[in-house]
Amino acid sequence: MPNRLCRAPALAALAACLAAASCIDGDERITLRRDGSGHAALTYQLPTAAVAAHGGRERLRQALAGWLGGDGIRLEALELTGHADRTRVHAELSFPSALALVDLVSRERLEHLPAPARHLAGTLDFRRRGRHVELTRTVRPRAALGGSLLPVPRSRLAGHRLVYQVTLPAPAAAHNATATRDGGRTLVWEYPLDRACATPPVIRLAAAMPLPRRLWLWAAAAIAAPVAAVVAALLARAVLHRRMAGR
């Protein structure tokens with residue numbers, strides 16, 4: 001009985017945090033260049049109470065820095081700022097290849113993040129055939145808000161959105177974006193938070209993956225080598241033919 005009484009305040013605090021966590025806004029913008037490198041800017045508005053419930057701002061900063069850095073990814077900015085009951089998380093990173101960015105959402109990389117952050121990062125199904133890639137990402141904002149532990153009134157979700165934007169060097173072969181710009185090169189997925197909680201957003205994209213510059217050089221060298229060998233053989237044959245004709 002005493003144990004149950006001791007748990008009651010903790011459960012009440014958890015319920016309050018989950019209720020406050022309904023005010024989540026997200027904005028992700030990813031740009032891929034022709035050489036395969038790219039840049040990403042991630043901005044989320046989170047309830048300060050929810051951040052505190054998972055160890056506070058500094059612990060979240062350390063977890064995000066560990067997740068976003070390394071493996072060729074350069075973390076250019078990571079800011080956590082508080083405004084009243086809201087905490088703004090902003091990160092900017094550059095990467096040498098889209099494959100490095102895909103690796104961020106691998107299970108091994110996500111396991112050290114707080115559970116709400118893992119659900120917002122989502123799960124990724126990535127398939128590659130040559131330069132053609134197919135990507136399906138599923139995010140679960142309802143799980144980030146505590147799932148079915150506490151019903152969240154729709155009124156608390158109103159006015160909040162999750163936005164994902166990807167800019168490619170060429171139009172995608174297929175996608176389910178809610179809007180496009182720049183002749184199909186920029187894809188935008190925008191979901192009102194109430195709809196995203198009712199049905200987890202699924203982002204689908206199929207495109208030709210840009211190759212890193214060094215791979216272009218290797219490919220050029222691989223093509224040039226046999227061509228050069230053929231040209232050299234033809235020149236040698238022509239020289240030999242002239243010598244024989246001059247005898």
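Student: Which residues does R128 touch, not counting residues up to four places away in sequence?

Tutor: Bear in mind that this is a predicted model. Leaving aside residues up to four places away in sequence, R128 touches L99 and V133. R128 itself is found in strand β5, and its side chain reaches the backbone oxygen of G130 at 3.0 Å.

Student: How far is the C-alpha atom of R128 from that of A208?

Tutor: The two C-alpha atoms are separated by 9.6 Å, although R128 and A208 are 80 residues apart along the chain.

Student: How many bridges join β2 to β1 and to β4?

Tutor: Strand β1, residues 25–32, runs antiparallel to β2 and is joined to it by 8 bridges, with T31 standing opposite H39. Strand β4, residues 86–95, also runs antiparallel to β2, and 10 bridges join the two; in this pairing P47 stands opposite R86.

Student: What lies between the strands in the hairpin of β1 and β2?

Tutor: There are 5 residues between the strands of that hairpin, and G36 takes a positive phi near 95°.

Student: How should I read a pocket, and what is the volume of the second largest pocket here?

Tutor: The general idea is that rolling a probe the size of a water molecule over the atoms shows where empty space is left. In this model, the second largest pocket has a volume of about 260 Å³. It is lined by 13 residues, of which V105, S106, R107, L110 and T123 are the closest to its centre. The elements that give two or more residues to this lining are α4 (98–103), α5 (107–110), α6 (115–121) and β5 (123–129).

Student: Which element gives the largest share of that lining, and how does the lining divide by class?

Tutor: The largest share, 3 residues, comes from β5, the strand in which R128 is found. By class, the lining of the second largest pocket consists of 5 nonpolar, 4 polar and 4 charged residues.

Note on methods
Residues numbered from 1 in each chain as written. Predicted model: local features only at pLDDT ≥ 70, side-chain atom pairs only at ≥ 80, totals over all residues. Heavy atoms only, no water. 1 Å grid on protein atoms, 1.4 Å probe; cavity = no way out; pocket = protein on both sides within 12 Å on 5 of 7 lines; lining within 4 Å. Points joined across faces, edges and corners; volume = space filled by probe spheres on them. Helix = DSSP H or I, 4+ residues; strand = E, 2+ residues; numbered from the N terminus. Nonpolar A, V, L, I, M, F, W, Y, C, P; charged D, E, K, R; others polar. Pairing = 2+ DSSP bridges. Contact = heavy atoms within 4.5 Å. Polar contact = N/O pair within 3.5 Å; in protein donor to acceptor, adjacent residues only side chain to side chain.
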